[in-house]
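Load the model in a viewer and follow the stops below. Each one says what to select and what is found there.

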Amino acid sequence: MPLQISAYRLWNLSHGDFTQVSRGHLPFSCTMAGKSIQDLLTPAFIVDLEKVKKNAHVMLDRFQKLGVQLRPHMKTHKTLECADIMTAGTRRCIVVSTLAEAFFYADHGFDDILYAYPLPFDKVVRCAELSERLSLFHVLVDCSAALEELKKQPLTRGKNWHVWLKLDCDNGRAGVPHSAPAALHLAKAISETPGVELTGIYAHCGNTYGCSGEEQIKAVAQDTTTFTLQFMDKLKANGIHCSKSSIGSTPSCSHPVPDMALLSEVHPGNYVFYDVQQSMIGSCKLEDVAVRVLTRVIGHYPHRNQLLVDCGWTGLSLDSGGRLPTGYAVIEGHPDLKLLSMTQEHGRVEAISGRLDYEKFPLGSLLTLIPYHACATAAMHPVYFIHTDGVVVDTWTPTRGW
Ligand SMILES: Cc1ncc(COP(=O)(O)O)c(C=O)c1O
């Protein structure tokens, strides 16, 4: 049974205190508050609150100094509490990747929400509902068929659809190629459609994930910025009004180039947690990573020189593909250990070289996994345990679904 709780704590970054805000139910896990993380049932997803606040603050500060609006992406954590930290309590100007996130945040007083996903035709009616309800709800379009769907669903109450055109600046996922004539044609069509406004140009530089080190990240950030700004110039030269431009990813926003000051917005998300992958790309140091999965030793198998832990792919995800030198994760404090493989609820751990010393890892003892990809690992957990110096101070419940 869930435990009825009338309030949850909203961290107010600017004042540094906790404010009580009404909220319905929290899961039973919140009774863990005040306990040591070592007492948690495993596998448990734990979040270091001080690191989250620091990561969020550094990003807010960086782009405030550059004069660029930070529109943080919520996809990594999907919680109200972390959204409050990332928006410094404003509850304005966020990006979401699912309609479930959009409604979750709208239902809790967030506004100016950009649904940065190629407009799914089955969800246009629900998008219209949000557009009419919120003062600002933005959708993303990268083909004329999507524009046709919007035309079929005109908004009421004198509202316009706020449309962002997705540009592909060599990321190679969604978006119209930045140099293709089709991009300009689509922008013109959007801007000339009654009831529709071309609000912004959106380019996600996911290709920074192929980078190694600051220099390479900056080169991709520069290209994406240049292509986007060139496209904004083209719009202007063709008399097409569009006020906003946004690029971003955690690597590029962790190492911005000066020209990014010429954009109106950036939209990174993962940075609030960071992870092993980001540390390998060069976005952060391993000590900046705010999240861990706690797991316990549940078996000794000396004949295979392995031990078993109670974390399978349902607790960690298979995102790394096991390609790290330490397998599927970094095992904190044990560079000699490798998380070799996982099934649904079991993980096999072996020594990278030599014999395992089982006395160091008795049955029931804890191991701490640093996830390769925090977004994927967080998505496996129904509740996050928030701690300060190893003491549980809160639980956060993410929204799920699409
Ligand atoms: C469309 C879009 N925008 C922004 C982001 C945020 O980028 P990152 O996760 O690198 O912070 C993502 C992440 O996948 C994305 O898909």
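Predicted model: local features only at pLDDT ≥ 70, side-chain atom pairs only at ≥ 80, totals over all residues.

Residues are numbered from 1 along each chain as its sequence is written, and side-chain values use heavy atoms, with hydrogens and water left out.

**Whole chain**

Show the C-alpha trace. Along the principal axes, the C-alpha atoms fill a box of roughly 75 × 50 × 40 Å. Of the 402 residues, 56% count as buried (buried is under 20% relative accessible area, exposed over 50%, partly exposed in between; 1.4 Å probe, protein chains only). Among contacts (heavy atoms within 4.5 Å) with a separation of 6 or more, 66% join residues 24 or more positions apart.

**Two domains**

Select 3–47 + 285–396 as domain 1 and 67–274 as domain 2; these bounds come from an automatic or database domain assignment. Their C-alpha centres lie 32 Å apart. The contact between them takes 19 residues from domain 1 and 14 residues from domain 2.

**The largest core**

Next, select Tyr105, Ile113, Phe137, Trp161, Leu235, Phe273 and Leu339, which touch the most other members of the 110-residue largest nonpolar core. Such a core is a set of buried Ala, Val, Leu, Ile, Met, Phe, Trp, Tyr and Cys residues joined through side-chain atoms within 4.5 Å. Helix α7 (residues 214–237) supplies the largest share of this core, eight residues. Domain 1 and domain 2 each contribute at least three residues to this core.

Centre on Leu339: its contacts beyond four places in sequence include Val309, Leu316, Tyr328, Ile331, Val349 and Leu369. Then move to a second, separate core of nine residues, with Ile46, Val383, Phe385 and Val392 among them.

**Helix α6**

Finish at residues 181–192, helix α6, whose twelve residues reach 17 Å from first C-alpha to last, close to the 16 Å expected at 1.5 Å a residue (1.5 Å times one less than the number of residues). Which residues of α6 are buried? They are Ala183, Leu184, Leu186, Ala187 and Ile190. They lie on the same side of α6 because they cover an arc of only 160° around the axis, taken from the directions from the helix axis to the C-beta atoms. Their cover includes β10 (161–168), β12 (196–204) and α7. Turn to the face away from the buried side to find the exposed residues Pro181, His185 and Glu192.

Terms used
Helix = DSSP H or I, 4+ residues; strand = E, 2+ residues; numbered from the N terminus.
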